[in-house]
Amino acid sequence: MIDIKLIPKKVLFCIEELQKSNFEAYIVGGCTRDLLRGSVPADWDITTNATPQEIQKVFLDKNIKTFYENDFGTVGVAFPLKDEHFEIVEITTYRSETTYSDNRHPDKVIWSKTINEDLKRRDFTINTIAITIKDKKYEIIDLFDGQNDIKNKIIRTVNEPNERFREDALRMMRAIRFETTLGNNWIIEEKTEKSIKENAKLLKKISQERIRDELVKIIMSDNAKKGIESLRKNGLLKYIIPELEEGCEIKQNKHHVYDCYRHNLESFAYSVKKDFNFEVRMSALLHDIGKPRTKRGIGESATFYNHEIVGAKMTEKIVKRLRFPNKEAKSIVNLVRYHLFYYNVDEVGESSVRRLIKNVGLDSVEKLLQLRMCDRIGSGCPKAEPYKMRHLKYMIEKVSKDPVSVKMLKINGKEVMDILGIKPSPKIGMILDILLENVLNEPKKNNKRYLKEKLIELGNMNDKELEKTAKEAKKTKIEVISSEDKATKEKYWVS
Ligand code: ATP
Ligand code: MG
């Protein structure tokens, strides 16, 4: 049983218009699957025997705009909303795919005459059900008994799994994506699963962009931990983020109950449980990825000095490889880089908190605190946010209006050049860095009078002295937040 009322009017309208012009039209794929399992579909796909040109004509005759800008037969029908925005309903011509010689693309896409042929090229039985609506009644076409698999929560390929995965290796990852996102208790059918294990290495042929899109869906799902574990157990993770597997069986020291992989995974699981955003989830999953490569010693007293620096470099490679957007990628790397920041009430003063904000940015400080919670819980620590963290939040609030960047100084590069009568050069940056360092210690100093005085003092220094002072200023900036040495000694995760 499905509830026709869940189908949007615009979708019903498109089906009806195609039928009026004597074409067939079905809703198909994810939306019928979701309707049949009683959840509301996120997007709607219509398939038809009309060619792209015929689809366009049907709607242009009704003065409705269409878009056709791809090679896959998908035409967008645009319904105007307010403010020159459009709602797009996608309609795709029946396709059948010929041979696949590269494990990822059909050699050519050809339109097909019948719905049956279109259904046969699809990936899983649950995604292969077509429904058409006429006179408020619906009719289901279900060639591969997908309804039964939906009922039993089983993911099974259409026909022989080995063949289907060889045609397009991304389907292996999609199987796990569906197992993860469709909810608890979904399983991959035995033969399909065995075939994934055997063909896992074909994933190497798939573009990073397609892999990324499926990975993001797994990571943003409520069941994401199960998804990552399933990728690992089925042998796919080593073709997606092999660095994660380096942590398997790498024991940590006395402060941790889990091995490095499991610790990353449990931290990640907490980020999912708390519904933190993508950047926090991803950084939780990767935050200790540098540990296996920096481990020195064994047993209780093993150390992992600089793992946050090595980890940040590894993270940068991972997020670049997966072609994450720049801003997101930077933020993830930054979170991994600074995840060890040290904080203790009474011991770390306001100026250090300002330095923390200077380095990670006010926006990211909140995410960094979330990451710390995940890190603690992932170590098997019972409380995510002890007094210390609450106190740090208070301190952040307190200093959040203080100047923490060169831009916030009451003097700018041009004024520095004018006052000292010098031309643009790296010297200006050094001078501003030194001024900021003074202001970070004492925000009151952020006034023109003090800054000018200090500036003249700096102007009298020779290049060598200035360079040395700037270097020292830079050093203090990161001292407090990257002193793992200190953090380890103080066992910062024990409240
Ligand atoms: P979601 O609800 O997450 O969008 P979906 O099933 O709609 O899930 P899509 O990636 O949007 O997933 O694909 C739409 C449909 O196209 C699928 O249901 C499936 O029938 C077909 N399909 C998509 N990708 C493939 C593929 N790689 N091989 C075969 N069929 C595919
Ligand atoms: Mg979809």
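**Reading a sheet**

Guide: This is a predicted model. In it, strand E2 (residues 45-48) pairs with strand E5 (residues 86-93) in the parallel sense, over four bridges.

Visitor: What holds paired strands of a sheet to each other?

Guide: In general, strands of a sheet pair through backbone hydrogen bonds, in either a parallel or an antiparallel sense. For a case at the residue level here, Thr47 has Thr92 of E5 as its bridge partner.

Visitor: In what order do the strands of the open sheet lie?

Guide: Seven strands form this open sheet, in the order E3-E4-E5-E2-E1-E8-E9, and the pairing is mixed. Strands E3 (65-67) and E9 (137-141) stand at the edges; each has a single partner strand, so one side of each lacks a neighbour in the sheet. From one strand to the next, the twist averages 35°.

Visitor: How many helices and strands does the chain contain?

Guide: The chain has 24 helices and eleven strands. Its C-alpha trace spans about 85 × 60 × 40 Å along the principal axes.

Visitor: How are the charges placed on average?

Guide: The chain carries 92 positive and 77 negative charges, and the mean positions of the two sets are 4 Å apart.

Terms used: Residues numbered from 1 in each chain as written. Chains lettered and ligands numbered in written order. Predicted model: local features only at pLDDT ≥ 70, side-chain atom pairs only at ≥ 80, totals over all residues. Heavy atoms only, no water. Pairing = 2+ DSSP bridges. Helix = DSSP H or I, 4+ residues; strand = E, 2+ residues; numbered from the N terminus. Axes fitted to C-alpha atoms, helices over the stretch in contact; angles between N-to-C directions. Lys, Arg positive; Asp, Glu negative; His and termini not counted. Charge placed at Lys NZ, Arg CZ, Asp CG, Glu CD.
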